[in-house]
Amino acid sequence: MTDDVIAIAGRVQRGETTALAVAEQALGRIDAANAELNAFLTVARDEVLEQARAIDAKRARGEVLGPLAGVPIALKDALCTRGVRTTCGSKILEHWVPPYDATVVTKLRQADALLPGKTNMDEFAMGSSNESSAFGPVKNPRDLSRAPGGSSGGSAVAVASGMTPAALGSDTGGSIRQPASFTGTVGVKPTYGRVSRFGLVAFASSLDQIGPFASDVRGAARVLSVIAGKDDRDMTCLAAPAADFEGACGASVKGLRIGVPEEYFAKGLDPEVEASVRAAIARLEADGCTVKKVHLAHTRHAVATYYVLATAEASSNLARFDGVRYGLRVEPERRGGVAGAGGAGASPASAQKSALRAMYGATRDAGFGAEVKRRILLGTFVLSAGYYDAYYLKAQKVRTLIRRDFDAAFGEVDAIVCPTSPTPAFLLGEKTSDPLSMYLSDVYTLPASLAGLPAISVPCAPTAAGLPVGLQIIAPALHETTMFTLASAWEAARS
Amino acid sequence: MRAPTRRSTLLPDMDLDLEQLRHMAVLAELSLGEEEERRLAVEIGHIVAYVAELDAIDTKGVPPTAHVAGIEPAASEEGWREDVVKPGLSHEEALAGAPRAEHEGFAVPGFVE
């Protein structure tokens, strides 16, 4: 009996099992594995059992169940869940309980999914290894000494370890695809605007997009079909009707033109990753695809462009965490009638702060971790007077060049196929002392994010040591169906 | 902050010293410790030096991309939606997460000396 999304939903819909039995099994698996893997930050035990009973009661009344009937789906802890705490991997939100659900959470509930809990992540989604979480790193179940990738590391591991058949993550510069690649799962970043971000804690608003992880391509397609679609509460959400993502799985790839960008097979690419990805491309060619070289000339500037734009947006978005309306508040001791936030070593500026600003400063100093502070300060710098044109505006122009590269390539091909990450999962601790080397590990996922394009990571042949490798398929905007067709064809060929 | 390894022709002075880092911290409302300030100055200096590679790219006549999707609803088929009042959070729900609430509002420390 398979435990994938489609199979579980079918069994619950037909009454071959109950949602309650599925929920109990998922909770059992989480209880057995989570202490070691640290994938879940909050297990919503009572809530998921209640959801399961309601779904079973609905079926007993003869009502038709939704497309995700009784399917356990883990939620990245950046997604607001009414009544269940949402930390975003940060101390500043450690005890925050949202008063509303994210739109994607509402849609999953309406589709009769089970929501067993909230998954660990890099703090505010800022990281590529899950090591910036305030609640400890997630471990990669394929090799416990290695990072699961990030920032949606907990969601990837929930699926990779079989705790849940699917999960939601968010992808700003690769935060779904890279952990999918590191853990041997399927991860989808939809077209920018395909899925509502209402209720997603914002990181970089011109890039953030919610998407699914699943144990197989078809399962990911079904979850995407549930969460996609227009939402009045997110003005960036597109009106485009959801296509038949699931129907695209299993369609013929004959005649599809796939582009292989030379810039993605450059220096720094692990030879085993290259061999695995090239073998997958050869197989797709054997199945009837046309393979063509394409050029994405500005790829190497994606890291610099991204780290200017994303940190600028983050510095603005994270201004809301100030100890007033929600989350942590730290009020520094007042010395001699003046709030001395930094104690004896405080800079002259802080000595003159009002009690309110001293509270802001102390709250944010205590609440944010090192990586978040680094990015807020970098973002503040690139937006500050005298530097705005040279960094921020310049990066926005280079973003246009990166988009034009893709526009030109998609004039010749239907999809672009390349590695998801230049290496398999790296060791925990390997890159934490050098932020720039961590940023460079995102080089193959950032361009599609900057261009707003849909992309999927699907497992290809692992390395000799058994580490997973991800094949990335990038499609033109709103052409997720092409991406699903190619990914499912490769998945079928591999197994 | 350490001098970036790469100099920009566009920028008269890219050396971010400790004073500049402190200024950014004031703008970002972050009260940092001295040791943290020094560490961040070095780390951010390295990243700034790296992103300065953008300066060498020819972007003459290239418009900036702020956003990839059409975010001007007036330009879309549907236009702006009607301004309809819909139920939102109750007063109690909105205040439930506040670290301090008084007199049915968010309580803040003094900001007038």
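In the predicted model, chain A and chain B bury about 5900 Å² between them, with 65% of this area on carbon and sulfur atoms. L377(A), Y391(A) and K394(A) contribute 11% of the area that chain A buries against chain B, more than any other three residues. In terms of contacts, 75 residues of chain A meet 60 residues of chain B. The size of an interface is often expressed as the accessible area lost when the parts come together.

Charged pairs were examined next. Side chains of opposite charge can pair when their charged atoms come close. Over all chains, the structure holds 34 salt bridges, and six salt bridges are found across the interface of chain A and chain B. One salt bridge is formed by the side chains of R374(A) and E43(B), at 2.7 Å from N to O. Both residues belong to a network of salt bridges that links E371(A), R374(A), R375(A), R39(B) and E43(B).

A further salt bridge is formed by E29(B) and R357(A), whose closest N and O atoms are 2.8 Å apart. This pair crosses between chains, since E29(B) is placed in the loop between helix 1 (18-27) and helix 2 of chain B, while R357(A) is placed in helix 12 (residues 355-367) of chain A. With a relative accessible area of 17%, E29(B) is buried, because the value is under 20%. R357(A), by contrast, is partly exposed, with a relative accessible area of 30%.

The side chains of R100(B) and E331(A) also meet in a salt bridge, with an N to O distance of 2.9 Å. R100(B) lies in the loop between helix 3 and strand 1 (101-102) of chain B, and E331(A) lies in the loop between helix 10 (302-317) and strand 9 (334-335) of chain A, so this pair joins two chains.

For K86(B) and D232(A), the side chains meet in a salt bridge at 3.9 Å, N to O. This pair likewise joins two chains, because K86(B) is in the loop between helix 2 (34-51) and helix 3 (91-95) of chain B, and D232(A) is in the loop between helix 7 (217-227) and helix 8 (245-248) of chain A. The relative accessible area of D232(A) is 41%, and the residue is therefore partly exposed.

Rolling a probe the size of a water molecule over the atoms shows where empty space is left. A search of the whole structure gives four cavities of 30 Å³ or more. The second largest cavity contains about 80 Å³ of space. Its lining consists of 14 residues, among which G127(A), S128(A), S175(A), Y306(A) and D442(A) lie nearest the centre of the cavity. By residue class, the lining of the second largest cavity comprises five nonpolar, seven polar and two charged residues.

The surroundings of one residue of chain A were also characterised. A312(A) is located in helix 10 of chain A and counts as buried, because its relative accessibility of 2% falls under 20%. When residues up to four places away in sequence are not counted, A312(A) touches G379(A), V382(A), L383(A) and Y392(A). The separation between A312(A) and D270(A) is 42 residues in sequence and 31 Å in space, C-alpha to C-alpha.

Notes:
Residues are numbered from 1 along each chain as its sequence is written. Chains are lettered from A and ligands numbered from 1 in the order in which they are written. This is a predicted model: local features need pLDDT of at least 70, side-chain atom pairs count only at pLDDT 80 or more; totals for chains, interfaces and linings use all residues. Side-chain values use heavy atoms; hydrogens and water are left out. A salt bridge is a side-chain nitrogen of Lys or Arg within 4 Å of a carboxyl oxygen of Asp or Glu. Helices (H or I, at least four residues) and strands (E, at least two) are DSSP runs, numbered from the N terminus. Buried means under 20% relative accessible area, exposed over 50%, partly exposed in between (1.4 Å probe, protein chains only). On a 1 Å grid over the protein atoms alone, a cavity is a set of points where a 1.4 Å probe fits but cannot get out, and a pocket is an open set with protein on both sides within 12 Å along at least five of seven lines; lining residues have an atom within 4 Å of a point. Grid points are joined across faces, edges and corners, and a volume is the space filled by probe spheres set on the points. Ala, Val, Leu, Ile, Met, Phe, Trp, Tyr, Cys and Pro count as nonpolar, Asp, Glu, Lys and Arg as charged, and the others, Gly among them, as polar. Contact means heavy atoms within 4.5 Å. Buried area is the accessible area (1.4 Å probe) that two parts lose on being put together, summed over both.
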